[in-house]
Amino acid sequence: MKNRLFKDILPRVAKPARYAGGEVNMIKKNWAESGIKMVFAFPDVYEIGMSHIGGKILYGLVNEKSSHLMERAFTPWPDMEELLRQENIPLYSLESFTPINQFDVVGCSMQYEMSITNVLNMLDMGDISVLAKDRQENEPFVVAGGPVVFNPEPFADFFDAFMIGDGEELLLEVLDLLEASKGQARMERLVQLAGIEGVYVPALYDCEYHEDGRLKSMKPKINGVPETVNKRLVKDLDEAYYPDKPILPFMEIVHDRAVLEVMRGCQRGCRFCHAGIVYRPVRERSIAILEKQAGAQLKNTGYDEISLASLSTLDYSGVDRLVKDLVCRYGEKGVGVSLPSLRVDAFSIDLANEVQKVRKTTLTLAPEAGTQRLRDVINKNITEEQLYDAVEAAFKSGWRAVKLYFMFGLPTETLEDLDGILDLLWKVKQIGNKYSRRPVELRASLACFVPKAHTPFQWEPQDSREQLEEKRHHMMARKMKNVKLSFHDSPTSMLEGVLARGDRRLGEVIYKAWQYGCKFDGWSEYFKFDQWMRAFAECGIDTDFYTVRSRDYEELFPWDFINTGVTKEYLQLESERAKKAELTPDCRQEGCLGCGICKNMDINLDIKEGLACESEPGIQ
Amino acid sequence: MRIRARYSVGPDLRFLGNFDMMHVMERALRRAGIAYALSEGFNPHIKLSMGTVLPVGIWGKGEFFDLELETGTVEDFVLRINQVLPEGMHVDECREIMDQTPSLMKAVNAAAYTFAINQSLPAVENKVKEILSSSELPVQSRGKKKDKVKDVRPGIFSIRTVLQENALVEITMLVSVNEPLNVRFDELLELLDRFGIDRAEVLDFYRETNYIKKDNKFYSPLEKVS
């Protein structure tokens, strides 16, 4: 197969290095001597998939720390797909060029709702039954993990099992069990899998619905299958596996650098933020460990840049010291440090100056909303003053371009809030012009707000496409020189909204949409909105039910059976506070706020480098 | 110290582009802990000059790069870099060169491409004769000047034909590269096709090596360093 690919197929596609494997630090284990064979199937192109930290962790973990084997597959770009289908070559793994249907497990990483059609397409290209119910005894188990599967229901038809939460411990337990149960019937093994904490096997549950379409009940079909699925989490990041020898791609990928995961979770409590809830609580990694990991990764990859990743890196208790240490140790050798996300305050700018002493390109900040009132509603704890201080500090120290992230379509939003975004941009520009002879360049990215499951806004109606378009036109009407506004596509956001709070009845729609050619839905050049709408219409499903409908606190949600550790009561409390534009502080500083995570998951905030106040899981 | 190295790139790595190869080399230098020299300025970079880079789709046995070292010996460099290069890549020969040695980019002007052909020796020999006796060989340019037809005949210096043990016939075409006339491997494939050697009959092809051509003599970049 490899010969044929290299000789006949790869010379005919764009970016053939995507499909050739063989990278430095790739691990190709002995097939016959390995236990369970798993392929990590990322439902997007190589450059995106290879940039994902979770995949790097699981790949190293399975291959280095267990007797099982993990190889990789990514979604072929449509030019490659066409050739593979035309030449009857099944989708294969990059390590051993084995068709993916020869593996015991196909594991999909669900980072984005819209990548589901790529999952279906990859299974189909790999000659694996797309629907879980059609899968035969000899077919792989198709499983999924990642942030999206905290509401797995829309994807229930396609996966045999979901893994909820951190995968470090969970995945190995799953693979061990599959090895121990080899030879038993598929259904038997799935029932056993459902017994592992954190595993959800959708085929083992029945759903009933009210006449108006709301979920009435969701119950296990078999005794012993849990009613509630608890997410899994790693308690101490210092103890968790992290790869010292990540694969070094030959071609340029999106995040082409060494990466340290400084912490997991974020306690800022932005009310729109899905990751902020599902990855609670904050667990940090010690500086000592991080520095060791940095040294090993740089030595094993030869990268010239190291990035400090997390949901909010500037909140890492040791960030200042870590950055200075890294710059001091590696700066002279031409190795840079990068911070992926900046907090909106002057301290962040100081630190950004530290890491980018010379090249000041674009600074990125996320005020999210245009007025103080609306920022209070979403609990984005920054004031107008902090923002202006931050940009002033930035322009003063030589930055010439600033990118600002906003959302529109937020709960309680009025035209005043939208005007507030424009006013804010205007003011930032004025500040910039004070320090620069040439006009500064401002770019604002405006995302349509999509309410997500497990957040305080899970009850909120999403703006309709018409509303969003009206708001967009309103903002576009005011022209400002050197200020560029870019808006997210409202049809895409609408669909994302349907899937984010959807139920398992959507499986039929997804299947149809895929049959109508939908794939790479996250890529605007391939997004086929009309085919999706056709699929909805044919299935008799009204998208409004999932998007613009406002929900009661009493409603049973399809994702309620997943326990993230944060209680629904707390989310409701936060929802009420949002309505009153009341702020909720960060529990690292103010003490326990009773979200439930520490008590429910028998865990504590894990702040490694001091500063944070004691949290008291007792006061709930 | 300035050094020049000859290295090989195996068949599995034939899909790497220009920038990919550059990154591969820079990262290997860092992994090996080579004491390379950095350029001055705001954005210092390794003083590495990949004089010859294989085009995407072809592998090679004799490519060259120049590098400036702060300290160390040629022998130590070869030893260390070979420990970390990706599988399929290898530095085969290396020597010190002078500061004033012209850069590879300027000096290299010829290359040898080898094609393994699944036809009989007499058949191939006939076709080679035909090619060499043509007074002009126009091909569709594949390089920067697309849509232009260029005559590659003056750029074909010689063709060597050898019958291999596996019964394939290998022809090695010595051609001009870079300025003023750049003959590309895909243009040669097109040419072979036109003379009756179908693409499917070319079972393998690679760049044998690169040359500095002066007054009808072909020098290795490792020997012509002044």
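How many of the ten residues in strand 3 (residues 59–68) of chain B are buried? Seven of the ten are buried, and the strand is mostly covered; a residue is buried if 20 or more other C-beta atoms, placed from the backbone, lie within 10 Å of its own. This is a predicted model, in which local features need pLDDT of at least 70, side-chain atom pairs count only at pLDDT 80 or more, and totals for chains, interfaces and linings use all residues. Residues are numbered from 1 along each chain as its sequence is written, while chains are lettered from A and ligands numbered from 1 in the order in which they are written.

**Pairing of strand 3 in chain B**

- Strands are DSSP runs (E, at least two residues) numbered from the N terminus, and two of them pair if DSSP finds at least two bridges between them.
- Strand 1 (residues 2–9) of chain B runs antiparallel to strand 3 of chain B, with seven bridges joining them; R4(B) is opposite D66(B).
- Strand 2 (residues 48–49) of chain B is also antiparallel to strand 3 of chain B, over two bridges, and L48(B) has L67(B) as its bridge partner.
- Strand 10 (residues 202–214) of chain B runs parallel to strand 3 of chain B, joined by two bridges; here G60(B) stands opposite R207(B).

**Contact between the chains**

- On chain A, 20 residues are in contact with 17 residues of chain B, contact meaning C-beta atoms, placed from the backbone, within 7 Å.

**Confidence**

- Chain B has a mean pLDDT of 93, and 100% of its residues reach 70 or more; pLDDT is the predictor's confidence in each residue, from 0 to 100.
- The model has an ipTM of 0.89 and a pTM of 0.94.

How values were computed: A residue is buried if 20 or more other C-beta atoms lie within 10 Å of its own, exposed if 12 or fewer, and partly exposed in between; C-beta atoms are placed from the backbone. Helices (H or I, at least four residues) and strands (E, at least two) are DSSP runs, numbered from the N terminus. Two residues are in contact if their C-beta atoms, placed from the backbone, lie within 7 Å.
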